[in-house]
Structures are given as structure tokens and as C-alpha cells.
Amino acid sequence: MKVTAAVVVCTAASASAFAPQPAFKVSSTALNMDKGAGGMFDTRDPETMDHEDPRKSISAAPSFEEYLKSRGGRCGQCSSPSLVMKALNEPVRDRKKEEPAAEGGFTYGEYDEVMWDNDAKKDVYNKWDPSSPRSTRNFNPFETWEGNSPDASGIYPGENRYKDPIRPDISYAIMLEEKAEAEERNASPKAGS
């Protein structure tokens, strides 16, 4: 009889072990924290809340334009996408020339953090002096190393201080123009290169 009772108790206990558990949902109306299907909490668009303890208060989020202005960057004054693109495309040559060398004496190239397009590369190429030592301001931007082109400072991918340059949109027609220019450049290379 004791064995039968033990079997009944074990069967009941094992059945409840495999029963589906009720879903546990963490929710906070103040923070809008609902756990999504991917296991992440949704914290978007919290409601503003004033609390006597300022650490517990939630202020209204700034608009995107206000956020950009608060960052104080060049695009802080931009109000339209066309102005943002204009700001990205304008060269900052004067600022870069006056900028002192960073710690360790390293200075990035003239077109660092601006559009690194074919015109910028031609400008760097025209200033390149093959008889002078290679530097971030004196290099051949059309030279490749193991199939890689340098960034705007003449640094190749995988090397220290490499920065992915800001590249322009490209089309097949532009590629054909650049190919013709490259063939002309290769036909009459600079002396000493």
C-alpha cells in the first residue's frame, strides 16, 4: 500500500513538472518596459514623469534636431538633408592644415573625415612628391597593397590608425571615367615613382 501511494504521489508530481508554466511578464507603465518576443525590453518613448526625487523623474526626450544642436557638431545647424550632405562634402582643408599633431606626432591626411572621392584623390596625387618620404600628406592615393587602396591618410586596411574613408556614390559610368583616367596616369607616371 505504501508503494502504491508513493507511485501516485510521484506521478502527480511529475505531471505538474511538465505542465506549462504561466508566462511571467515584467511591466512598468512609467517606463513602457514590455518584454518582447526576442527577449529584449521595449524602452522606446517613455512617458514624462515628475517625481519629488529628481533621479526618478523622466524628462521629455528632445527632438532629433535639438539633439543634433546639443552635440555642437557641424551638422548642429543643419535643418535639411541637403544641408547635411553639403556639410559632409565640403572640404575642411584649412582646419586640417592648422590642426597640431596629435599625441605621438601623428596627423591624419588632408581629406580625413571628408568625402574621399576621385577629385580628392587626384588633388592628393598632384601634391604627391615621390622623392620625399611617404607620410599622411605625401602618398600616392591610387597605389594598392595586396589589392587594398589606402584611406585618406595613406594608411592601408589592417594597419594602425586606418579609418574607413567617406566614400561617394558610384555608378558604372563614373567607374569607366575613372578607369580611363587611371590608364592615362599609368601611361605617364610621375618621375621617381
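Reader: Which residues of helix 5 are buried?
Author: The model is predicted: local features need pLDDT of at least 70 and side-chain atom pairs count only at pLDDT 80 or more, while totals for chains, interfaces and linings use all residues. Residues are numbered from 1 along each chain as its sequence is written, and side-chain values use heavy atoms, with hydrogens and water left out. Helices are DSSP runs (H or I, at least four residues), numbered from the N terminus, and buried means under 20% relative accessible area, exposed over 50% and partly exposed in between (1.4 Å probe, protein chains only). In helix 5 the buried residues are Asn-118, Ala-120, Val-124 and Tyr-125.

Reader: Within what arc do the buried residues of helix 5 fall, seen down its axis?
Author: The buried residues in question include Ala-120 and Val-124. The arc is taken from the directions from the helix axis to the C-beta atoms. The buried residues line one face of helix 5, because they fall within an arc of 160 degrees.

Reader: Which exposed residues does the face of helix 5 turned away from its buried side carry, and which helix is included in what covers the buried residues?
Author: The face turned away from the buried side carries the exposed residues Asp-119 and Asn-126. Contact means heavy atoms within 4.5 Å. What covers the buried residues of helix 5 includes helix 6.

Reader: How far apart are the closest N and O atoms of Lys-122 and Asp-119?
Author: Lys-122 and Asp-119 are separated by about one helical turn, because they are 3 residues apart in helix 5. Lys-122 is partly exposed at 27% relative accessible area, whereas Asp-119 is exposed at 54%. They form a salt bridge (a side-chain nitrogen of Lys or Arg within 4 Å of a carboxyl oxygen of Asp or Glu). The closest N and O atoms of the pair are apart by 3.6 Å.

Reader: Which residue forms a salt bridge with Arg-167?
Author: Arg-167 lies in the loop between helix 5 and helix 6. Its C-alpha atom is separated by 8.7 Å from that of Val-114, 53 residues apart along the chain. Leaving aside neighbours within four places in sequence, Arg-167 is in contact with Met-115 and Tyr-162. The salt bridge, at 2.7 Å from N to O, is with Asp-164.

Reader: Which residue's backbone oxygen lies 3.1 Å from a polar atom of the Asn-138 side chain?
Author: Asn-138 is in the loop between helix 5 (118–127) and helix 6, and counts as buried at 9% relative accessibility. Not counting residues up to four places away in sequence, Asn-138 touches several residues, including Lys-127, Trp-128 and Asp-129. The backbone oxygen at 3.1 Å belongs to Pro-133.

Reader: Which residues are linked with Asp-123 in a network of salt bridges?
Author: The count of salt bridges comes to 9. Asp-123 is linked in a network with Glu-110 and Lys-127.

Conventions:
Helices (H or I, at least four residues) and strands (E, at least two) are DSSP runs, numbered from the N terminus. A polar contact is a pair of N or O atoms within 3.5 Å; within protein, one must be able to donate a hydrogen and the other to accept it, and residues adjacent in sequence count only if both atoms are side-chain atoms.
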